[in-house]
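Here are some friendly notes on the nonpolar cores and aromatic contacts, for you to read alongside the model.

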Amino acid sequence: MRTPEQSNVKFTSRHHRSKMLDAYRRRLQVWGGEQGKCGQIQVLFTKRGSLPPTALASYPGSGNTWTRNLLQIASGIFTGSIYNDQQLYVNGFLGEKDPWNSGTTFTQKTHDCSPSHIKKFNSTGILLLRNPYRAILAYHNFLFGGHTGYAPMSNYRRKDWSAFVHLQIRSWLETAINWTTQAKRLQVLHYENLKEDPVPHLSSVLDFFGLPRDDLRFTCLQEHDDWRFKRKQVFIPDNLEIFHPRERDKIDRAVRYVNYLLRKHNHPQLPLHLYEFYNNTPSDQSMKVRCEAEETKAACDGRVDHMNLAQRKRGKNTRKNQTNIEEIENNTKMEEAQEEEEQDPLERFASTKVGWFLTQMFNTVMRYTRTDPISRIVGDSHLQKALPLNLPPIPSFLSNGNEDNSNS
């Protein structure tokens with residue numbers, strides 16, 4: 001017997017009418033507890049076998065999870081994944097535990113771009129592209145801090161940082177090239193465009209895959225800013241250069257080639273005007289912090305790490321001026337004093353000389369027993385041979401960064 005929800009929800013002609021949403025499985029209230037029509041918006045599973053596998057492919061750090069949330073709201077259908085991430089599952093991505101090819105989810109997260117993997121999705125997917133400079137930094141933060149943390153500033157001074165960047169731009173390039181050239185049915189999304197205005201781009205995805213558009217969902221999406229990208233200022237020492245000019249040249253060449261490839265295959269081109277670092281564009285998310293004359297690099301890095309952590313706890317954006325930096329440092333000291341008063345006995349012991357010494361010993365042991373993410377990636381000989389950064393022939397007018405970025 002059909003429920004009222006089932007009788008009112010239909011796919012377009014591209015999908016058989018009998019393939020309806022599964023009204024008997026667990027669902028998600030997007031804005032639960034809210035009064036009015038927006039409070040009634042839900043995300044559901046489809047019946048098993050209702051939808052064909054559709055990859056949501058990206059290089060790690062490209063905003064795949066954030067985009068999945070937007071796609072769930074827009075389509076009313078859960079998204080899936082090949083990774084079964086428990087942390088995402090408990091945060092509302094209920095499709096995380098469903099088999100990626102079960103047909104119960106709209107699209108499935110993957111960072112794999114091998115030809116055999118693309119074929120598993122019937123060469124069909126959504127390619128999500130993000131400025132590789134920002135994507136590499138985001139992936140680096142994920143490796144050391146999980147979904148919400150930061151990597152330490154000292155990593156950018158490591159001897160193997162350049163090798164890590166080189167391998168990551170290879171991976172970003174390989175993802176873009178393989179999905180663009182080998183997928184038979186592909187929709188390209190740009191992370192930066194979604195940040196600017198997600199509605200037209202989400203709408204095009206629904207149209208492309210034959211899913212109905214619900215104007216109420218888009219209206220509610222625009223009325224709420226819980227989806228909206230929260231730009232976070234990141235403090236960095238003023239004597240630190242994250243990307244060396246040699247690395248910038250490699251990344252810029254990769255960006256220009258991918259843009260050329262997108263144009264060649266009639267896909268939306270990269271929004272280069274929104275790309276930080278590219279073509280020597282300054283970053284509007286990084287705030288320089290002056291290292292004191294008596295400070296060592298390690299001490300300055302540690303102070304900046306502490307400022308980033310304190311700002312994350314407060315959850316506030318910071319304007320770019322010296323007064324604000326001083327305010328943050330002062331607020332951090334006040335918060336530390338308050339935290340000391342609220343410390344439990346174990347925390348107080350850890351703050352003593354003996355406790356500090358034992359903590360340092362424990363951290364040292366952990367460093368030696370746990371594989372460092374950068375060392376593991378750089379030391380993997382298979383990855384080093386995965387893709388040379390020798391690009392195929394590219395038109396000469398694209399070689400100097402002066403390419404036309406119109407989508408006409």
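1. In the largest nonpolar core, which has 57 residues, Phe164 and Trp179 touch the most other members. Such a core is a set of buried Ala, Val, Leu, Ile, Met, Phe, Trp, Tyr and Cys residues joined through side-chain atoms within 4.5 Å; buried means under 20% relative accessible area (1.4 Å probe, protein chains only). Helix α6 (residues 161-182) is the top contributor, giving ten residues; helices here are DSSP runs of H or I, at least four residues, numbered from the N terminus, and strands are runs of E, at least two.

2. This is a predicted model, in which local features need pLDDT of at least 70 and side-chain atom pairs pLDDT 80 or more, while totals for chains, interfaces and linings use all residues. Numbering starts from 1 along each chain as its sequence is written, and side-chain values use heavy atoms, without hydrogens and water.

3. Beyond neighbours within four places in sequence, Phe164 contacts (heavy atoms within 4.5 Å) Ile136, Tyr139, His140, Leu143, Ile374, Ile377 and Val378.

4. The whole structure holds twelve aromatic pairs, meaning Phe, Tyr or Trp (six-membered) rings with centres within 6.5 Å; planes under 30 degrees apart are stacked, over 60 edge-to-face and the rest tilted. Tyr133 and Phe243 pair edge-to-face, at 5.1 Å centre to centre and 85 degrees between the planes. This pair joins helix α5 (residues 132-145) to the loop between β10 (234-237) and α10 (245-264), 110 residues apart. Tyr133 is buried at 0% relative accessible area, and Phe243 is buried at 1%.

5. Tyr257 and Tyr260 make a tilted pair, 5.9 Å centre to centre with 50 degrees between the planes. Both are buried.

Terms used
Buried means under 20% relative accessible area, exposed over 50%, partly exposed in between (1.4 Å probe, protein chains only).
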